[in-house]
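Here is a short walk through one protein chain. Keep the model open beside the text and find each element as it comes up.

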Amino acid sequence: MHDGSEIRETGSTPPAPVAAPADRAPTIHDVAHAAGVSSGTVSRYLNGHKWVGGASADAIRAAIEQTGYRRNRFARSLATGRSSTVVFLLTEPQDRLFGDPNYPILLREITTALADRGMTLVLMTASEDDERRRVMDFVRGGHINGVLLVSSHLDDPMTEQLAAAGVPTVSCGRPIGWESTIASVSADDRSGARVATEHLIGLGRRRIGVITGPLDIGGAIDRLDGYRDALEAAGLPFDPALVATGDWLNVSGREAMTRLLATAPEVDAVFASNDLMASGAMTALRIAGRVVPDEVAVVGFDDSGLAATTDPPLTTMRQPFAEISREMVRLLAERVPGEAPAVSLPAHLIVRDSTAAHR
């Protein structure tokens, strides 16, 4: 006995087959379209479900052959639970793992979230070709559930290779250029940056500089856009002389602040796109004899623990690292082939002594 949806599907005329675009592998949705059935029916067929009728099964088999679809062993391992290993993949040099306070927090929270599901984590880095080859050799072995990707750069070959191999992947942050293929979880970077800049505007600051992260990373781009949004809403001009780019690390924040002081000495506030660069900026201000917050107010982004220890303590946007980690694990474990949801979680302003009204 078949369910009603099955009867309606097999009794209709299948649509004309449509081949998958040449730049990606055929998916379960391509098979469903070619067979004239639902994606759920194809999934039941692939998993040996007894309620897929003979006519539908024949159509699905023909569609698989026609489209060239190949069963994704990674998706199968997720469905059956036969694998319980996930790769935490950092596409940065190894020394960044503990040089940036955010990564250890994510690593800890993701490990906890995986443990709650009875899963384990393998840590890998991939910033060079040899490392990328080792990663792909490992993940293609089919012994993992998927990859949790951290720090995805524009045109990063690692992202492309994971997508081409059909490896279930969830990115921490927006994967530029792969939003339709790779699921992602992030703080609402653009809205958070706008709130941070609005806080400075609300204190009466008008020459507000920004220190961005690398502008080939989605979060850095979005935070710069949020800064611009706040200026525009307040009727303040966007001045390129008030923009300096860093690489997320402390020393780059110090160097960026030094450049800002040279090009715009009248700067009275700065929004740095992470706490490390904000800390470096405060060092540069101290060296230049500028008092924080009396002369220059400073806001960061992350609240990973560093912000509360700076002198003065740093006002910042708190990222929900635990929620981000749990959502990344959930999206991977509950992945639907062919879908790439993007989850955005709010960041919250934490006010400390690095911002204050003019005295």
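Among contacts in the protein chain between residues at least 6 apart in sequence, what percentage join residues at least 24 apart? The figure is 72%. Keep in mind that this is a predicted model. The chain holds 14 helices and 12 strands. Of its 359 residues, 51% are buried.

Start with helix α4, residues 54-67. Now look at which residues are hidden. S56, A57, I60, A63, I64 and T67 of α4 are buried. These residues lie on the same side of α4, because they cover an arc of only 125 degrees around the axis. Turn to the other side of α4, where A55 and E65 are exposed. Just after the helix comes G68, with a positive phi of about 80 degrees.

Next, move to helix α10, residues 189-202. This helix also has its length checked: 14 residues reach 20 Å from first C-alpha to last, close to the 20 Å expected at 1.5 Å a residue. Which residues of α10 are buried? They are D189, G192, A193, A196, T197, H199, L200 and I201. After α10 comes G204, and its phi is positive, near 90 degrees.

Now for helix pairs. Two packed helices are described by the angle between their axes and the distance between the axes. Take helix α8 (residues 129-139) and helix α9 (residues 157-164). Their axes come within 11 Å and cross at roughly 20 degrees. An angle under 35 degrees counts as roughly parallel, so α8 is roughly parallel to α9. The crossing is right-handed. On the α8 side, the residues in contact are R132, V135, M136 and V139. They meet P157, M158, Q161 and L162 of α9.

The second pair is helix α12 (residues 250-263) and helix α13 (residues 275-287). Here the axes are 6 Å apart, at an angle of about 50 degrees. That angle makes α12 oblique to α13. The crossing of α12 and α13 is right-handed. From α12, the contact uses N250, S252, G253, R254, M257, T258 and L261. From α13, the residues are L276, M277, S279, G280, A281, T283, A284, L285 and I287.

Finish with two single residues. Where does I144 sit? It is in the loop between α8 and β3, a strand covering 146-150. Its relative accessibility is 0%, so I144 counts as buried, the cut-off being under 20%. The C-alpha atoms of I144 and V167 are 9.3 Å apart, although 23 residues separate the two along the chain.

The other residue is S171, in strand β4 (residues 169-172). Is S171 buried or exposed? S171 is buried, because its relative accessible area is 0%. What does S171 touch, leaving aside residues up to four places away in sequence? Its contacts are L149, S152, I182, A183, S184, V185 and M328.

Terms used:
Residues numbered from 1 in each chain as written. Predicted model: local features only at pLDDT ≥ 70, side-chain atom pairs only at ≥ 80, totals over all residues. Heavy atoms only, no water. Helix = DSSP H or I, 4+ residues; strand = E, 2+ residues; numbered from the N terminus. Expected span 1.5 Å × (residues − 1). Buried < 20%, exposed > 50% of the residue type's maximum accessible area, 1.4 Å probe, protein only. Arc of directions from axis to C-beta. Axes fitted to C-alpha atoms, helices over the stretch in contact; angles between N-to-C directions. Parallel < 35°, antiparallel > 145°, perpendicular 65-115°, else oblique. Left-handed = near helix turned anticlockwise from the far one by under 90°. Contact = heavy atoms within 4.5 Å.
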